[in-house]
Amino acid sequence: MAYEDYTLYEGYLFPPDATEQEMRNYVEGQRHAQSYQSQAEQTIAQEGYGGLPAVDQVSRALENIPSSGYKLLEGVGQMVEHPVDTANLILDLGSGAIQLGLEKLGIPMQEYDQVLFGQYGQEAGQKNMQLAQKVGEHFANRYGSVEQARKAMIEDPVGVSADAASVLMAGGGLTKMAGASTGLPAIERTGAAALQLGQTIEPITATLKAGSKAVEGGAKLAGEIPATMIGVQSGVGSSAVKEAYGTGVAGGEKGEAFRGAMRGKDDMNAIIDDAQVAIDQIKGRAMEKYQADKTLLAKDSTELSFFDIDKAVARSKKMYMSGDLVKRPNVKKYVDEAADAIEQWRGGDPAVNHTAVGFDDLKQRIMDIYESIPMENRTAQAAILAIKKEIQGTIGKQAPSYAAMMKDYASAMDELSEVRRSLSFGGKSMAETKLKKLQSVIRDNVNTGYGSRRQAVETLDAEGANILPRVAGQAMESFQPQGAARMGGVLPIPAGLYQLDPWYAAAMLPFSSPRVSGEVAHKAGQAMRPVHAAGRALKQGVEALDTPTLMNILYQMSNAQQVR
């Protein structure tokens, strides 16, 4: 639409289809708003902000938050940029405040300055006292009356929040120390609460945290949103594409593992061997600590009772019996084996086999039986696991010191057992079954075992197995679309978009290839690596400086620098 097509009315341009009434209403509204604004400014000039309605006061304060926050961060940034000057300023202000306080108590410090530092020391002392006085005057002018405080809250809301944090943190810290030193817990708790509140409302740390999260979240979304679209297009699912992107960001061994698998240079059966190596590493570390702790506790010759263990065996036997008949022979086999092992320990040397160490050995024997049970025999697994838990419980009740020392080992072994169970690395599972379980973690399907498998694989990847990158690469090795995407190259879900915009269809067509999707997503991750690194660095920096007190000191020093 050309400029001459618009209608000029009372100094405003309107589209040609605007009615005269619409134009008049708009102009009157603008004039009314300008008149109201002008009246508000006159009221502020004559009566201060107190002459405005409360809702207008709050509205103006909210409008000033961005500029107030920028001013605050700018001041803190200058303090960080010149650390030596900031340190000197802190020393000067602190020295001046002490001297000023002592003088008010009738103790002149100038004489001591002259004795210690000569003429220049006395002059410096005077300057420091003047600096402390100016800072005090700054706060007196800012909060010396209700109207001055109201003005500060409206024009500089973020700065007021920082000032309030200063008072609460300083006063709360002193009150907490006073309560602790005088043995008055109520006063100590009051001080701690004030200190905590001051740290909570301190705005600088909160702003930096929000900024670091924004950078980190933005970088993450930049990879995940396209990954979901491309994953649907190619048929491999978003998880594989996200992994392709993530390995691009990570680089190193993860990037090499993904590229090698995607380009057909990795023997996928080797994943099983690497997973087993990772399992053995976890078990080896746990066993080393176990043996060291066990040696320390071997001197405890206290004999433990089999009473609770016998009850657990009796309960487990009921799981395969129906009256006098055996209903589950495949369960009886393993329960009887566990019962025989317990009888062997009962008949062993009490000084060896009936101690906490001996019972722990019995627990290992029962776990060996548990590991030999096929994955599909859930009832037998439950029966043997119940016996194992009762042995562990007996150790915990009758030898608590031993149980406490073995807690880390027991936790590690339980985690390892879950890893082996989830991925079928226990018993006599076929290699094909293990590989399918490993490959399933990269799919988008959600079933009861998916979450535990994914967690198990991540545990093994922490040992350097790099399973996730490799199964993702293997899933994206083919140039042909997978699943439903194989039909026609595109999915019917966004069909409307393809019909409306054929160029969109042409642009998205290459991404129906898993291999193309993988290469592009991986390259995108490599390109975004600096952004992710910056996000991590910012987050680490904020966490390192997650001290509201330090941030507040820097803010107050920027105020002192302005009045110096």
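Biologist: In which kind of crossing, left-handed or right-handed, does H14 pass H16?

Modeller: This is a predicted model, in which local features need pLDDT of at least 70, side-chain atom pairs count only at pLDDT 80 or more, and totals for chains, interfaces and linings use all residues. Residues are numbered from 1 along each chain as its sequence is written, and side-chain values use heavy atoms, with hydrogens and water left out. A crossing is left-handed if the near helix is turned anticlockwise from the far one by less than a right angle, and right-handed if clockwise. For H14 and H16 the crossing is right-handed.

Biologist: At what angle do H14 and H16 pack?

Modeller: Axes are lines fitted to C-alpha atoms, for helices over the stretch in contact, and angles run from 0 to 180 degrees between N-to-C directions. Angles over 145 degrees count as roughly antiparallel, and H14 and H16 are therefore roughly antiparallel to each other. Their axes lie 10 Å apart, and the angle is about 160°.

Biologist: Which residues in H16 meet those in H14?

Modeller: Contact means heavy atoms within 4.5 Å. From H14 come Tyr 334, Glu 337, Ala 338, Ala 341, Ile 342 and Trp 345, and they meet, in H16, Gly 358, Asp 361, Leu 362, Arg 365, Ile 366, Ile 369 and Ser 372.

Biologist: Which element of the protein has the highest mean pLDDT?

Modeller: The pLDDT is the predictor's confidence in each residue, from 0 to 100, and its mean over the protein is 76. Among the elements, helix H23 (residues 495-500) has the lowest mean, 45, whereas the highest, 95, belongs to helix H14.

Key. Helices (H or I, at least four residues) and strands (E, at least two) are DSSP runs, numbered from the N terminus. Angles under 35 degrees count as roughly parallel, over 145 as roughly antiparallel, 65 to 115 as roughly perpendicular and the rest as oblique.
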